[in-house]
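Subject: Structure for your review

Dear colleague,

Please find below the structure that I am handing over to you.

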Amino acid sequence: MTDHPHGEQGAADAPHTEVWHGRASNRMQWLLATIGAACLALGIQLAVDSTWTSGIAALAMSVVGCIAAGLLVLFGTLAFVHVAVKVDKECLEVRCGHMGVPRRRIPLSHITGADFAPRVTPRQWGGWGYRWRPDQGTAVVVRRGEGLVLLLGDGHTFTITVDNAEAAVRVIRDRLRIAATGRTR
């Protein structure tokens with residue numbers, strides 16, 4: 001989203017390292033997280049204050065099922081409420097959610113190209129989250145909209161939904177061009 005130059009401005013010997021930061025978020029997933037929390041609360045409520053007379057096995061299955069479903073939905077959605085992308089002179093780093101997990105770090109030497117995708121949808125990838133499709137590659141999809149498509153040296157692609165993806169493409173292409181001219185000297 002913004003370019004942040006580091007180092008002292010105007011100093012002739014100051015290192016000129018720029019870091020690009022991008023981010024995307026999805027407010028809709030907070031609704032899903034609330035549903036997960038409700039399932040978790042229902043499981044706890046059943047475990048603590050149960051008046052079931054139909055047997056302990058049915059109660060245990062209900063409690064375990066509600067708690068498991070609640071945790072899965074809650075943590076699965078909170079991990080992909082937002083994505084943060086950082087491009088520096090050495091690598092591209094993608095962090096998901098509040099804890100930054102899952103995280104993927106791709107050295108720029110492994111990237112052969114970058115393209116802008118004007119419309120990436122969860123439907124294309126089979127939903128929100130960290131996705132893999134054999135015909136499309138890997139993606140981190142947190143919302144519908146613009147995205148960044150990385151072409152990797154192993155022939156795979158990596159797509160990330162991020163705001164201001166066109167700026168990310170420019171920065172990555174510039175870094176790849178600088179690295180290519182630096183290697184040929």
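This is a predicted model: local features need pLDDT of at least 70, side-chain atom pairs count only at pLDDT 80 or more; totals for chains, interfaces and linings use all residues.

The average pLDDT of the chain is 84, and 89% of the residues reach at least 70. Residues 1-16, however, have a pLDDT below 50, although this stretch makes 23 contacts in the model beyond near neighbours in sequence.

The largest nonpolar core contains 29 residues. Leu92, Ile111, Leu148, Leu150, Ile160 and Ile172 have the most contacts inside this core. Among the elements that give two or more residues to the core are strand 4 (91-96), strand 6 (111-120), strand 9 and strand 10 (157-161). Helix 4 provides the largest share, with 7 residues. Leu92 touches, among others, Val85, Arg104, Ile111, Leu148 and Ile172. Another core, of 6 residues, lies apart from the largest one and includes Ala117, Val120, Trp125 and Val149.

Leu152 belongs to strand 9, which spans residues 145-152. Is Leu152 buried or exposed? Leu152 is buried, because its relative accessible area is 9% and the cut-off for buried is under 20%. Leaving aside residues up to four places away in sequence, Leu152 touches Arg104, Ile106, His110, Ile111, Thr112 and Phe158. Ser109 is 43 residues from Leu152 along the chain, and their C-alpha atoms are 9.1 Å apart.

Yours sincerely,
A colleague

Definitions and conventions: Residues are numbered from 1 along each chain as its sequence is written. Side-chain values use heavy atoms; hydrogens and water are left out. pLDDT is the predictor's confidence in each residue, from 0 to 100. Contact means heavy atoms within 4.5 Å. Helices (H or I, at least four residues) and strands (E, at least two) are DSSP runs, numbered from the N terminus. Buried means under 20% relative accessible area, exposed over 50%, partly exposed in between (1.4 Å probe, protein chains only). A nonpolar core is a set of buried Ala, Val, Leu, Ile, Met, Phe, Trp, Tyr and Cys residues joined through side-chain atoms within 4.5 Å.
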